[in-house]
Amino acid sequence: MNQHHQIGGIEVIQREGRVTLHDVAAAAGVSKSTVSRILDERLPRSESETAKRVREAALELGYIRDNSAASLRRGKTMTLGVIVPRLTDTVMAMLYEAITRAATRTHQFAIVATTEDQPEQVRIAADRLLNRGVDGLILATARDDDPFPAELRARGVPFVLALRTDGESPSSIGDDRLGGYLATRHLIDLGHTRIGLISGPGFASSARLRREGFQDAMAEAGLRIQPEWIVDSSFGIESGAEAADTLLRLNPRPTAIFAVNDNTAIGALSVIQRLGLSVPQDVSVVGYNDIPLVSLLPIPLSTVRVPFNQIASTALELLMRPITGDAIQMATPTLIPRQSTAPCSTSSRQRLMHEAIHT
């Protein structure tokens, strides 16, 4: 049954069913193209009398914009697929939230899929997202020597890597090598010379580059790295605890530990306490990423802050408007010193010398 409306003194007959642009245009006394332009949220909001009249008519009639039809006309869905290892990892959750904020600013919508960091699951997730019509993919799952990004390039799929890179694909990452250097240099400047590294998984460029930054700082300071000072791990708390236990049972043990992410640093803090040692009096600890929890720990963690919002915004720019020049864009990290690091005390150095003499 048709419905009759009085809008601005004009009688509008609305046909049964969904309210259309034609209905709003008739009510406002303008063309359909004018209504479409005024109600397009991607465009700057107009405050002209015509625009106000159109919005009033749309509200009165209960008009709902058909985004799917608009997307079909543009040939885009304004939807992005984001693939992360897991959302229980605070870093990945922070990245996804940053991507969502960046996407909202450009009137896009981000859908996330998780893979448990398994390469075969990345392929499955990518295909399912592409089958749902996403305009492009943002992957935070890249591994060194992983052929999947090259496969996406060969298929012509728009994609960008985030936080990790394969060294060739469009990537938005933090300058992890610089961050690893900053963390290690901080400990060296505090007088530490025996610095252990919880190095993360070897397949992740982020962990590898932070390790290289550690090596850069040690070499610059003229400090020799003992092989046993570097312990591999995953990015999890439990793995960090196991790695720290290995480091702290060395004789003499390190006076400081750089963990390549905050989760492994939290694991290290738990082991230090369990072994009856104190932070930072016996062992200083630096993490990486600056997740919200670490500033609220009983001993707030010194760490390297990653600019997630900048990384997310750059990822969208690379995805939508490929920029000329280097395909790998790096955001600058920042050292955040807190109470988990302190100068290497005289007593600690003397104790280390004593332990070395009697072993």
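Figure 1. Strand β6 (residues 159–162) pairs with strand β7 (residues 171–174) in the parallel sense over 2 bridges; two strands pair if DSSP finds at least two bridges between them. Helices (H or I, at least four residues) and strands (E, at least two) are DSSP runs, numbered from the N terminus. The model is predicted: local features need pLDDT of at least 70 and side-chain atom pairs count only at pLDDT 80 or more, while totals for chains, interfaces and linings use all residues. Residues are numbered from 1 along each chain as its sequence is written, and side-chain values use heavy atoms, with hydrogens and water left out. Leu-161 has Ser-171 as its bridge partner in β7. The open sheet holds 6 strands in the order β4-β3-β5-β6-β7-β13, with parallel pairing. Its edge strands, each pairing on one side only, are β4 and β13 (328–331). On average, neighbouring strands of this sheet are turned by 20 degrees against each other, direction ignored. Helix α12 (residues 308–320) lies across β3 (79–84), β5 (136–139), β6, β7 and β13, and runs at about 165 degrees to β7. Axes are lines fitted to C-alpha atoms, for helices over the stretch in contact (heavy atoms within 4.5 Å), and angles run from 0 to 180 degrees between N-to-C directions.

Figure 2. Four strands form an open sheet in the order β9-β8-β10-β11, and the pairing is parallel. The edge strands, β9 (230–231) and β11 (284–286), each pair on one side only. Strand β10 (residues 256–259) is joined to β11 by 3 bridges, and Phe-258 has Val-286 as its bridge partner in β11. Helix α9 (residues 205–220) packs on the sheet and touches β8 (195–198), β9 and β10, its direction making about 170 degrees with that of β8. Helix α11 (residues 262–274) also packs on the sheet, touching β8, β10 and β11, at about 165 degrees to the direction of β11.

**Figure 3. The largest nonpolar core.** This core has 69 residues; a nonpolar core is a set of buried Ala, Val, Leu, Ile, Met, Phe, Trp, Tyr and Cys residues joined through side-chain atoms within 4.5 Å. Buried means under 20% relative accessible area, exposed over 50%, and partly exposed in between (1.4 Å probe, protein chains only). The residues with the most contacts inside the core are Leu-95, Ile-99, Ile-138, Ile-198, Phe-258 and Phe-308. Helix α5 (residues 90–105) gives the most to this core, with 9 residues. Not counting residues up to four places away in sequence, Ile-138 touches Gly-81, Val-82, Ile-83, Ile-99, Val-160, Ala-162, Ala-315, Leu-316 and Leu-319.

Figure 4. The bond from Val-279 to Pro-280 is cis, with omega near 5 degrees; Pro-280 is in the loop between α11 and β11.

Figure 5. Glu-116, not a glycine, has a positive phi of about 55 degrees. Glu-116 is in the loop between β4 (109–114) and α6 (119–131) and counts as partly exposed because its relative accessibility is 47%. Asp-290, in the loop between β11 and β12 (303–305), has a positive phi near 60 degrees. At 10% relative accessibility, Asp-290 counts as buried.
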